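Hello,

Here is the structure I promised to pass on to you. Have a look at it first, and my notes follow below.

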Amino acid sequence: MEYLQIGEIVRPQGIKGEVKLRAMSSDPDRYARLESVYLLKNGQYVEYKVKKGRCNDGFAVLMLDGVKDRNEAELLRGVKVFVDREHAIDLDEDENFVVDLIGLTAVDTKGNEIGELVDVLTPNQICDVYVFDTPRGEMMIPALRRVVVEVDLDEEKIVLDEKVLSEVAVWEDEPAERDE
């Protein structure tokens, strides 16, 4: 995908045309450095220059060129905000953009196919949760190094340690065990 989502506009902010968005970046400072963003409107990516940006408590506020008042900002409610790959944040060697992971096929270390990655949840700051569509149904695993042995974007696969997988996988057809 050429564009990476960094937020979604939730409402106007103030009366001068600023928009508040749910921040979707692991680098909250990036919003202050943005020069332009793309808003997905009617299936088209429309570029807007960013006059000013800031982030606080999981929300970002942007002042976009051409959005002059609260009424114009209100029209952008619910619009998704993107950057192009050229302006994406730099990732560490073992990091990937979620959009690049969705659709990869999971296999275990013995080569057995498990299923397709359909979602990545971010329930906390500790680790993401990968959601796979498998023949058995939905399976969720924590995205930890001891479980995820390798991510190969070129081969479009994720290799999972079958021994650890049996300990941590949660299946939709199994009730969760609880420690009492």
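Tyr-45 counts as partly exposed, at 29% relative accessibility; here buried means under 20% relative accessible area, exposed means over 50%, and partly exposed is what falls in between, using a 1.4 Å probe and protein chains only. Before I go on, please keep in mind that this is a predicted model, so local features need pLDDT of at least 70 and side-chain atom pairs count only at pLDDT 80 or more, while totals for chains, interfaces and linings use all residues. Residues are numbered from 1 along each chain as its sequence is written, and side-chain values use heavy atoms, with hydrogens and water left out.

Back to the aromatics. The count comes to 4 aromatic pairs, where the rings of Phe, Tyr and Trp (its six-membered ring) pair if their centres lie within 6.5 Å, and planes under 30 degrees apart count as stacked, over 60 as edge-to-face and the rest as tilted. Tyr-45 is stacked with Tyr-3, at 4.0 Å centre to centre and with 20° between the planes. This pair links distant parts of the chain, 42 residues apart: Tyr-3 belongs to strand β1 (residues 3–13) and Tyr-45 to strand β4 (residues 44–56). Helices (H or I, at least four residues) and strands (E, at least two) are DSSP runs, numbered from the N terminus. Tyr-3 counts as buried, at 14% relative accessibility. Together with Tyr-38 and Phe-82, Tyr-3 and Tyr-45 form one aromatic cluster.

Two rings also have a charge over them, which requires NZ of Lys or CZ of Arg within 6 Å of the ring centre and within 35 degrees of the ring normal. Lys-20 lies over the face of Phe-59, 4.6 Å from the ring centre. The charged end of Arg-136 sits over the ring of Trp-171, at 4.2 Å from its centre.

For the overall picture, the protein chain has 4 helices and 13 strands. Its C-alpha atoms fill a box of roughly 55 × 40 × 30 Å along the principal axes. Of the 180 residues in the protein chain, 39% are buried. Taking contacts (heavy atoms within 4.5 Å) between residues at least 6 apart in sequence, 51% join residues at least 24 apart.

How many salt bridges does the structure hold? There are 8, each being a side-chain nitrogen of Lys or Arg within 4 Å of a carboxyl oxygen of Asp or Glu. Among them, Asp-27 is bridged to Arg-33, with the closest N and O atoms 2.6 Å apart. Glu-74 and Arg-77 meet in another, at 2.6 Å from N to O; Arg-77 is partly exposed at 44% relative accessibility, and Glu-74 is partly exposed at 32%. Arg-146 and Glu-167 form a salt bridge too, their closest N and O atoms being 3.9 Å apart. Arg-146 lies in the loop between β10 (137–142) and β11 (148–152) and Glu-167 in helix α4 (residues 162–168), so this pair ties together parts that are 21 residues apart in sequence. Arg-146 is partly exposed at 46%, whereas Glu-167 is exposed at 58%.

Asp-108, in strand β7 (residues 105–108), is buried yet has no salt bridge, and the nearest side chain of opposite charge, Lys-110, is 6.7 Å away. For charge, Lys and Arg count as positive and Asp and Glu as negative; His and the chain ends are not counted. Leaving aside neighbours within four places in sequence, Asp-108 is in contact with Ile-114, Val-159, Leu-160 and Glu-162.

Leu-160 is in strand β12 (residues 157–160) and is buried, with a relative accessible area of 0%. Beyond four places in sequence, its contacts include Phe-132, Met-139, Ile-141 and Leu-165.

Now the cysteines: the structure holds 0 disulfides (pairs of cysteine sulfur atoms within 2.5 Å). Cys-55 counts as partly exposed at 26% relative accessibility, and Cys-127 counts as buried at 16%.

Finally, some backbone angles. Asp-57 has a positive phi of about 55° although it is not a glycine. Asp-57 is found in the loop between β4 and β5 (59–64) and is exposed, at 69% relative accessible area. Glu-156 likewise has a positive phi of about 55° without being a glycine; Glu-156 is in the loop between β11 and β12 and is exposed at 52%.

Best wishes
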